[in-house]
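Please open the model in your viewer and keep the selection tool at hand.

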Amino acid sequence: MPTVIEPRDPRTQAQGVEQGYAQTARRWPAQPLLRRPPTLSELTGPLEVAKRVKLLGGDIAGHGERQAIGQLMHLRLRIVDEDGAPVPGAVVEIWHCNAAGKYIHPNDTNDAPPDPNFYGAARVVAGDGGLVELRTIKPGAYPVRDGTSWWRPPHIHFSVWGRVWLSRLVTQMFFPGEPLNASDVILNAIRDPAARSRCIATLLPTTQGPANALVFDYQIVVRGRKASASMP
Ligand SMILES: [Fe+2]
C-alpha cells in the first residue's frame, strides 16, 4: 500500500512570483504545473546519494588559529518526515554568507569583505536521529542588488536530499529576534504565520552546549502538510 502524503498547503509555502523580489520571476514557472506520475525508475534511484557526492565536514567556523570572523554558533538540525519521525541518511547541503554578509560566489557583488577563513558551505549526512550538527559563525545581513533597497536578514540555506535524487527540498532558516525578518520578502511570501514561525530557529539557553558558542535548534520537515517552506 503506497504511503499517502497530505499535499502541502500553498499558504505554508513561499511559492510563486513575489512582487518586490525580482528574481522569483526567473525561479518559478510562468505556466501552471502539470501533474505527471513519477515512473518506477525515478522513484527507485539513483540510490545512495551520500556515496555519489563529496561530503564536506560539519565544522565551517575555521580551524586552529584560522578562525572565521563572527559570532561562533552551533546548529542542531533535525530532519524529520510528516509524522515527526527522523530521516537518517538524508544528505544535507548547507551554505550561508560570512559575518559581513558576503558569499564566496562570483555573482555576489555586495561591497562587504570576504573572509579568507570562511568557506561557507557543508555537505553532511543526517545521523540516526535525523540529526545534523554544524559548527559555524552566524551569517550577517546583506542588501539585495536588484535596483531596490531591501536587505535579507541573517539566514542559512539548506538543500535536503531524500532516498532518491528527485526527492529534494531547498529551504532557508532564519534567526529569532532579527528586525529584518519583518520586512524580508522571501520569509513573508509565506502567508501562514505558523508556517513562517516554523522557519525561525530556537536559541537555546546559553547554559546549554559549548560555552563559547550560541546554540540554535532547528527542524526541517521534508514533506506533508507541515513541510518546511520551499525557498530556492
Ligand atoms: Fe542567502
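The stops that follow concern a metal site, a sheet, the cysteines and several charged pairs.

This is a predicted model, in which local features need pLDDT of at least 70 and side-chain atom pairs count only at pLDDT 80 or more, while totals for chains, interfaces and linings use all residues. Residues are numbered from 1 along each chain as its sequence is written, and side-chain values use heavy atoms, with hydrogens and water left out.

**Stop 1: the iron ion**

Select the iron ion together with Y103, Y142, H155 and H157. These residues are its protein donors, through OH of Y103 and Y142 and NE2 of H155 and H157, at 1.9 to 2.2 Å. Donors are N, O and S atoms within 2.8 Å of the metal (3.2 Å for Na, K and Ca); water is not among the atoms, so sites may look incomplete. Along the sequence, the donor residues follow the spacing Y-x38-Y-x12-H-x1-H. Y103 belongs to the loop between β4 (91-95) and β5 (121-125), and H155 to strand β9 (residues 155-161), so this pair ties together parts that are 52 residues apart in sequence. Helices (H or I, at least four residues) and strands (E, at least two) are DSSP runs, numbered from the N terminus.

Why is the arrangement of the four donor atoms irregular? They subtend angles of 91 to 158° around the iron ion. Four donors count as tetrahedral if all angles lie between 85 and 135 degrees; four count as square planar and six as octahedral if opposite donors are over 155 degrees apart and all others between 65 and 115; anything else is irregular.

Now colour by accessibility. Buried means under 20% relative accessible area, exposed over 50%, and partly exposed in between (1.4 Å probe, protein chains only). Y103 is buried at 16%, and H155 is buried at 0%.

**Stop 2: an open sheet**

Next, select the four strands of the open sheet, whose order is β6-β3-β12-β11 and whose pairing is mixed. Two strands pair if DSSP finds at least two bridges between them. At the edges lie β6 (131-137) and β11 (202-203), each of which pairs on one side only. Strand β3 (residues 72-80) runs antiparallel to β6, with seven bridges between them.

**Stop 3: two cysteines**

Select C97 and C199. Their sulfur atoms are 17 Å apart, too far for a bond. A disulfide is a pair of cysteine sulfur atoms within 2.5 Å, and the count by this rule is zero. C97 is buried at 1%, and C199 is buried at 2%.

**Stop 4: salt bridges**

How many salt bridges does a search of the whole structure find? There are nine. A salt bridge is a side-chain nitrogen of Lys or Arg within 4 Å of a carboxyl oxygen of Asp or Glu.

Begin with D59 and R135, which meet at 2.8 Å, N to O. D59 is partly exposed at 29%, as is R135 at 23%.

Proceed to D111 and R145, which meet at 3.3 Å, N to O. D111 lies in the loop between β4 and β5, and R145 in the loop between β7 (142-143) and β8 (151-152). D111 is exposed at 66%, whereas R145 is partly exposed at 49%.

Finally, select E93, R123 and R168, which a network of salt bridges links.
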